[in-house]
Amino acid sequence: MNYTQEEINSLNIELKDKTPIEIVKWALNSASKPVVTTNFRPYEAAILYACVEGDKNIPVIWCDSGYNTPNTYRHAEKVINQLDLNIKLYVPKQTSAHRDVVMGIPDIDNPLHKEFTKQVKLEPFQRAMEEHQPDVWFTNLRKGQTALRDSLDILSVSKDGVLKVSPFYHYSDSDLDVFLEKYQLPNETKYFDPTKVLGNRECGLHV
């Protein structure tokens, strides 16, 4: 699925009036190796439901940092079972217990922060993408989350040339609350990302 930037701009205008499920199904029509990534943060059940509606066997890549809250792990199990997700689990090569002794959770100003982020997030994600070689990557990016995400849209292209599809890009939290209620989907807000420190900081996967 190779689109020029002009074509992507045109498609984004066209897709803006479609529902997230319609956007997913549109993208799947010409996808040969689609994936959806998740970390089971708040509102993730929405993107997972939309993707499973389009393809019940779509690989769901979960890069688990090992630092999730008990609430997040319980929420993940609930969503996995409710939607019968085809989970593909990727974890860091070193346990969080070992890393806690070696470096702990470095603050953003700590020189170790870059290495920490690489170990717990970037390396597992890169390993997952290399193994699956997707041509379409579904994400739950939304406008207003970070400065970088504000510069994107429903469709964008990753640095590796993968078509990135964010069906809920124009949805607010309130819109997502309505979506979750409509489809009787669970949510969980007690989420912790050890690499971000600040809530509006980009996680690194989309840079």
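**View 1. Cys51 and Cys63 in the predicted model.** The sulfur of Cys51 lies 15 Å from the closest cysteine sulfur, which belongs to Cys63, and this is too far for a bond. A disulfide would need the two sulfur atoms within 2.5 Å. The predicted model holds zero disulfides. Cys51 counts as buried, at 1% relative accessibility. Cys63 also counts as buried, at 18% relative accessibility.

**View 2. The aromatic pair of Tyr49 and Phe179**. The structure holds nine aromatic pairs. In the pair of Tyr49 and Phe179, the ring centres are 6.2 Å apart and the planes stand at 75°, so the pair is edge-to-face. Tyr49 belongs to helix 3 (residues 44–54) and Phe179 to helix 8 (residues 173–182), so the pair ties together parts that are 130 residues apart in sequence. Tyr49 and Phe179 are both buried.

**View 3. The aromatic pair of Tyr49 and Tyr183**. The pair of Tyr49 with Tyr183 is tilted, with 4.6 Å from centre to centre and 35° between the planes. Tyr183 lies in the segment after helix 8 and Tyr49 in helix 3, so this pair ties together parts that are 134 residues apart in sequence. Tyr49 has 15% relative accessibility and counts as buried, whereas Tyr183 is partly exposed, with a relative accessible area of 24%.

**View 4. The aromatic cluster that includes Tyr49**. Tyr49, Phe168, Tyr171, Phe179 and Tyr183 form one aromatic cluster. Among the pairs in view here are the edge-to-face pair of Tyr49 and Phe179 and the tilted pair of Tyr49 and Tyr183.

Key
Residues numbered from 1 in each chain as written. Predicted model: local features only at pLDDT ≥ 70, side-chain atom pairs only at ≥ 80, totals over all residues. Heavy atoms only, no water. Phe/Tyr/Trp six-rings, centres within 6.5 Å; stacked < 30°, edge-to-face > 60°. Helix = DSSP H or I, 4+ residues; strand = E, 2+ residues; numbered from the N terminus. Buried < 20%, exposed > 50% of the residue type's maximum accessible area, 1.4 Å probe, protein only.
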